[in-house]
Amino acid sequence: MKLLKLWSRWFNLWWQYEMAYRLNFILRCTGLVFYNFIGPLLAIVIYSISSGFPGWSFEQFLLIQGIMMTVLGIAHLLFTNAPWIISDLVRNGELDNLFIRPISPLRLLFCWAVDPEHIPQLCAGALIAVYAAIKAGVEATGVVNCIILILAALAILAAFMIILSALTIFTVKANALIDFFLRIIAFGNYPLTIYGPIGAFLFTFILPVGIIAYYPAQALLGQISLRILIELISAAIIFFSLSLAIWRLAIKKYTSAGG
Amino acid sequence: MIRKTKAIFIKSIKTGIAYKFEFWVWAGILSALFLLQYFIWTAIFTHTGVEQIRGFTLQQTILYYGLAMIVGSLTYYDVYNFEWLVRSGSILVRLVKPIHYLLRSFMNFLGSKVLNFTFQIIPLSILIWLVLKPKFELAQLCFGALSILLAMQISFLFWWIIGRSAVWLIKSRGLIVVIDGFIWVASGALVPLAFFPQAVQKVLAYMPFQYVIYVPTKILLGQITVSWILHILFIQILWIIILLVLALFIWNKAIQALEAVGV
């Protein structure tokens, strides 16, 4: 409840700040939606000139793109700004601000990381996903499994953002690593089968970008076994717990530059 | 004048070297994205069971993406920073320097490209060679290099003009994001323009963006005849002249409109 109150106060401040430059805000939202339509556009181009990916019809592939847009929309809305905020605080010598408030530093960081300009992207992604799901044909149990996997994907993405934030505290400049992770997510836009068994393992358990859209799409289409579902949820829990441990270690090792 | 521009060029390289870790990471990102294209198009060609798609074989398609990444890296110009210079008022310090701001920006751009070439293009080129073992003719490489040099100027001038919008908008990030997304598609960075329907290709032909990535990459691929290359180089020069005149005009207007009181 306290977190929700803080989140809404922060949202109000953010809104007032953005409304000072309305045109820029509208253009940025439009640009972000346009950027994210590149995935569906690519799907249209690929399937208009070829048979596409083995085992995936156009609607099924579009489903992956729609889910990717939705999940990333939620992640950007809620927390992907976190490592950048830490990076700015560390470079400006203002990280102490995070520790002197009467709230857990990580919760406060996640409040500051809220970025509502991604709401249009989230809505557009959800619309594409729903359209593609109806066209591709989904199973009732698949919807539940899909939602569970989306939550697991958000936990994994949050875990990566926490780890990157912690690394920024350790190394001062980890911007390039943040860039690297955000770009590598592109591998999750495609069926993992195209990377071969080693690639599929890599993008499921080591750099689990496959869980963002590929596995939720498979779940929705009723093509996922209970064993894989349990393995993915376990991976999400392990990743998230590990990220919290790394964050605690970073805070413990942090030495303020103040006198 | 030569001494001043040389000094800015060298300073830009020295500043960039401080961020060499970022350049290395970006080399890793580009290499990973190249491998991604390898997997995507291998799967598509194998599944479709054809030798060619719209005039591109599998090898040419993957090579197209590799070369387009090289050209894209050399032509990319980041103008997000100008907004901050206007908002903070620090643009005024740069305006009193005894060198035109456009020329100063261009030397900074060239300096950063030396680092791009060293830390990103060379490792990516080695990876492309290891994966595809492509063969190039000398004429292809020479004309391709010339076309890339012209493409760098087109890209620089276009983005420089867009960046100046910060003088009027104060926050120009939104406009840059919208245009950047469009150019990603229209320049041939997303897919070769030949993959689009004819009508779309015809519309894009009237814009300068295909001369930034698609056309130089096609020249490097050896898919354009020499007589047509000369025609293309002429169009590229024409675009440079148009954009240069526009850039100087916009800059004069921007100087008059600039308030730059700082925040």
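Among the elements of chain B, the lowest mean pLDDT, 82, belongs to helix H1 (residues 2–17) of chain B, while helix H3 (residues 58–75) of chain B has the highest, 96. Keep in mind that this is a predicted model. For chain B as a whole, the mean pLDDT is 91, with 98% of its residues at 70 or more. The complex as a whole receives an ipTM of 0.87 and a pTM of 0.89 from the predictor.

Now turn to the contact between the chains. Chain A brings 34 residues to it, and chain B brings 38 residues. Together, chain A and chain B bury about 3,300 Å², and carbon and sulfur atoms account for 77% of that area. On the chain A side, look for Tyr21(A), Tyr35(A) and Ile49(A): these supply 16% of the area that chain A buries against chain B, more than any other three residues.

What about polar partners across the interface? There are 5 residue pairs in polar contact between chain A and chain B, counting pairs with both residues at pLDDT 80 or more. As for salt bridges, the rule finds 0 across the interface of chain A and chain B.

H2(A) gives the most, with 9 residues. By residue type, the side of chain A that touches chain B divides into 23 nonpolar, 7 polar and 4 charged residues.

Note on methods: Residues are numbered from 1 along each chain as its sequence is written. Chains are lettered from A and ligands numbered from 1 in the order in which they are written. This is a predicted model: local features need pLDDT of at least 70, side-chain atom pairs count only at pLDDT 80 or more; totals for chains, interfaces and linings use all residues. Side-chain values use heavy atoms; hydrogens and water are left out. Contact means heavy atoms within 4.5 Å. Buried area is the accessible area (1.4 Å probe) that two parts lose on being put together, summed over both. A salt bridge is a side-chain nitrogen of Lys or Arg within 4 Å of a carboxyl oxygen of Asp or Glu. A polar contact is a pair of N or O atoms within 3.5 Å; within protein, one must be able to donate a hydrogen and the other to accept it, and residues adjacent in sequence count only if both atoms are side-chain atoms. Helices (H or I, at least four residues) and strands (E, at least two) are DSSP runs, numbered from the N terminus. Ala, Val, Leu, Ile, Met, Phe, Trp, Tyr, Cys and Pro count as nonpolar, Asp, Glu, Lys and Arg as charged, and the others, Gly among them, as polar. pLDDT is the predictor's confidence in each residue, from 0 to 100.
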